[in-house]
Amino acid sequence: MRKFVTSDKTLIAQFIKGNQDSLNQLIKRHQSKVFTSLIILVKNRDVAEDLFQETFIKVIKTLKSGNYNEEGKFLPWVIRIAHNLAIDHFRREKRVQMVRDTDEYSVMNTLPFYDKNVEDKIVVDQIHSDLRKLIEELPVEQKEVLIMRHYGNMSFKDIAETTEVSINTSLGRMRYALINLRKLIKEHNIVLQA
Amino acid sequence: MAPNFTLSDYIRYIYNEVDFPDCALIQRTIDTDPSVQVDYSKLVLSLGFLDRILIDPPVYCVDNIMQYARTA
């Protein structure tokens, strides 16, 4: 039986009318893409948590003020907000490059809660965590396009406009991101399974 | 990859950003050229992995947002 999924557009309209559960559904639907994007960008879990909350607070303010006009493109819009907040964060921190590795950001911090007896899951989680850290090490402009295209569902045209480069440049960055990612996966002997 | 299409073309194809007739030509190349099939599979696998590394924020982050929404 086909499961009926309420569209983002409907949930937004319901939330604007006062239905809090609709907002909860919207957040739950997109939270992992937004949060993972932020972690990859800022490389610090605490900062990512703060920016995640700031992102959705901005979303709420915009929706409630009636200024939302990105019909049908909710996730790309949210990812753009998250990206801009990450950029603002780095401006505030006066950092040219993304944050260096710190002790507080360990692989264990990114592991979800798991049953200690389930070794397979731990191994899989570890691989995922390692891969996430490899993506974090990509150059910023390559991470941006990877996040915006894959998680944010933004077209290369939209990405080009947002990052103020040509479509070919944004495509080139995506290409290099994937080439570099595969190189890193090979160097670190991470086994990708279908 | 096939001589007529670049890695960028295949990336755009995966994300449904290629118009007809290039779309059909790329699909045919993937279907008929074994070397392209291998490279294309690796590309799809790499991108697919991006979906498997997703993590959720802590519950309290969402709770804070919902709390804000109720009072805003």
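Select B:Met66 in helix α4 (residues 59-71) of chain B; helices here are DSSP runs of H or I with at least four residues, strands are runs of E with at least two, and both are numbered from the N terminus. The model is predicted: local features need pLDDT of at least 70, side-chain atom pairs count only at pLDDT 80 or more, and totals for chains, interfaces and linings use all residues. Residues are numbered from 1 along each chain as its sequence is written, while chains are lettered from A and ligands numbered from 1 in the order in which they are written.

B:Met66 has 16 C-beta neighbours inside 10 Å and therefore counts as partly exposed. The cut-offs are 20 or more other C-beta atoms within 10 Å for buried, 12 or fewer for exposed, and partly exposed in between, with C-beta atoms placed from the backbone. Leaving aside neighbours within four places in sequence, B:Met66 is in contact with A:Gln20, A:Leu23 and A:Asn24; contact means that the C-beta atoms, placed from the backbone, lie within 7 Å.

**Between the chains**

Now show both sides of the contact, 34 residues from chain A and 28 residues from chain B. On the chain A side, the elements giving two or more residues are α2 (20-42), α3 (45-65), α6 (119-136), α7 (140-151) and α9 (167-187). The largest share of that side, nine residues, comes from α2(A). By class, the side of chain A that touches chain B has 16 nonpolar, ten polar and eight charged residues. Here Ala, Val, Leu, Ile, Met, Phe, Trp, Tyr, Cys and Pro count as nonpolar, Asp, Glu, Lys and Arg as charged, and the others, Gly among them, as polar.

Select α9(A) together with helix α1 (residues 7-14) of chain B: their axes come within 10 Å and cross at roughly 95°. Axes are lines fitted to C-alpha atoms, for helices over the stretch in contact, and angles run from 0 to 180 degrees between N-to-C directions. α9(A) and α1(B) are therefore roughly perpendicular to each other; that term covers 65 to 115 degrees, with under 35 roughly parallel, over 145 roughly antiparallel and the rest oblique. From α9(A), A:Leu171, A:Met174 and A:Arg175 meet B:Leu7, B:Ser8 and B:Ile11 of α1(B). This contact has four nonpolar, one polar and one charged residues.

**Inside chain A**

Among contacts in chain A with a separation of 6 or more, 64% come from residues 24 or more positions apart.

Start with helix α1 (residues 8-16) of chain A, where A:Asp8, A:Leu11 and A:Phe15 are buried. They cover an arc of only 65° around the axis, which puts them on the same side of α1(A); the arc is that of the directions from the helix axis to the C-beta atoms. On the other side of α1(A), A:Lys9 and A:Thr10 are exposed. The buried residues of α1(A) pack against α2, α3 and α4 (74-93) of chain A.

Next, pick A:Leu38 and A:Ile79, the residues with the most contacts inside the largest nonpolar core, which has 50 residues. Such a core is a set of buried Ala, Val, Leu, Ile, Met, Phe, Trp, Tyr and Cys residues joined through C-beta atoms within 7 Å. α2(A) gives the largest share of this core, ten residues. Not counting residues up to four places away in sequence, A:Ile79 touches A:Val34, A:Ser37, A:Ile147, A:Met148, A:Tyr151, A:Gly152 and A:Met154.

Move to α7(A) and α9(A), whose axes come within 8 Å and cross at roughly 100°. α7(A) and α9(A) are therefore roughly perpendicular to each other. Residues making this contact include A:Val145 and A:Leu146 of α7(A) and A:Met174 and A:Ala177 of α9(A).

**Backbone stops**

Most residues other than glycine have a negative phi, and most peptide bonds are trans. Select A:Asn153, in the loop between α7 and α8 (156-163) of chain A: its phi is positive, near 55°. In chain B, B:Asn16 also has a positive phi, near 55°, and lies in the loop between α1 and α2. B:Asn16 is exposed, with 9 other C-beta atoms within 10 Å. Finish at B:Phe20 and B:Pro21, joined by a cis peptide bond with omega about 10°.

Technical notes: Contact = placed C-beta atoms within 7 Å.
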